[in-house]
Amino acid sequence: TDKTIQDLVKSQNNYGVAAEKNSQKIQTQSQKIQDKFNDEKQAIQDKIDLINKETDARLKALDATKSQADFESEVAQATLEYQNAIALGNVQGAAAAKSRIDQANRDRQYELARTSIQENADAQIKPLQEKIIYDP
């Protein structure tokens, strides 16, 4: 009976060792699956970030083009009004048109300066943000 008990203890120990090995294999496989999932998730997020970045750049270019066209249109219209008022001797109309031209120029200069300041700030912030996101 001692032999039988020893055999049972030995069998239990063998099962325990086998169970531990299986548990470790399952944990390893589980970690590999989790790592793969995280890699795939990061790849998708990288694609989304790239799409957003490209979209932002296109929209920014579109906005800049529209802003420039609006400015040119405003100045051209005000210039015609100014020339017409001068030709008719309408001093008040000429002054109002000149004021619109001056205001359009001030607004455009403000917009360009503001855009330049923001772009400069963005250029300085971007490398810092990348350090925060990608540094371990």
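Residues are numbered from 1 along each chain as its sequence is written, and side-chain values use heavy atoms, with hydrogens and water left out. In this predicted model, local features need pLDDT of at least 70 and side-chain atom pairs count only at pLDDT 80 or more, while totals for chains, interfaces and linings use all residues.

**Overall form**

The protein chain holds two helices and zero strands (DSSP runs numbered from the N terminus, with H or I over at least four residues for helices and E over at least two for strands). Its radius of gyration is 36 Å, well over the 14 Å that the globule rule gives for 136 residues, so the chain is more spread out than a compact globule. That radius is taken over C-alpha atoms, and the globule rule is 2.2 Å times the number of residues to the power 0.38. Along its principal axes, the C-alpha trace of the protein chain spans about 130 × 20 × 15 Å. Of the 136 residues in the protein chain, 7% are buried (under 20% relative accessible area; exposed is over 50% and partly exposed is in between, with a 1.4 Å probe and protein chains only).

**Helix 1**

Helix 1 covers residues 2-88, which is 87 residues. From its first C-alpha to its last it reaches 126 Å, close to the 129 Å expected at 1.5 Å a residue; the expected span is 1.5 Å times one less than the number of residues. Buried residues in helix 1 are Ser 67, Phe 71, Val 75, Ala 78 and Ala 85. Just after helix 1, Gly 89 takes a positive phi of about 75°. Helix 2 spans 91-134.

**Pockets**

Grid points are joined across faces, edges and corners, and a volume is the space filled by probe spheres set on the points.

The largest pocket holds about 660 Å³ of space. Its lining has 17 residues, and those closest to its centre are Asp 49, Lys 53, Lys 126, Gln 129 and Glu 130. Helix 1 and helix 2 each supply at least two residues of this lining, with helix 1 giving the most, ten residues.

The second largest pocket has a lining that includes Lys 60, Ser 67, Arg 108, Glu 111 and Asp 122. Both helix 1 and helix 2 supply at least two residues each here as well, but helix 2 gives the most, with eight residues.

The table sets out volume and lining classes (Ala, Val, Leu, Ile, Met, Phe, Trp, Tyr, Cys and Pro count as nonpolar, Asp, Glu, Lys and Arg as charged, and the others, Gly among them, as polar).

| Pocket | Volume | Lining by class |
|---|---|---|
| Largest pocket | about 660 Å³ | five nonpolar, four polar, eight charged residues |
| Second largest pocket | about 290 Å³ | two nonpolar, three polar, seven charged residues |

Contact here means heavy atoms within 4.5 Å.

Ser 67 lies in helix 1 and is buried, with a relative accessible area of 13%. Not counting residues up to four places away in sequence, Ser 67 touches Arg 108 and Glu 111. Ser 67, Arg 108 and Glu 111 are among the residues that line the second largest pocket.

Glu 81, also in helix 1, counts as partly exposed at 32% relative accessibility. Leaving aside neighbours within four places in sequence, Glu 81 is in contact with Ala 97 and Arg 100. The C-alpha atoms of Glu 81 and Tyr 15 are separated by 97 Å, and the two residues are 66 residues apart along the chain.

Tyr 82 is in helix 1 and is partly exposed at 30% relative accessibility. Not counting residues up to four places away in sequence, Tyr 82 touches Ala 94, Ala 97, Lys 98 and Ile 101. Between the C-alpha atoms of Tyr 82 and Ala 95, 13 residues apart along the chain, the separation is 7.5 Å.

How values were computed. On a 1 Å grid over the protein atoms alone, a cavity is a set of points where a 1.4 Å probe fits but cannot get out, and a pocket is an open set with protein on both sides within 12 Å along at least five of seven lines; lining residues have an atom within 4 Å of a point.
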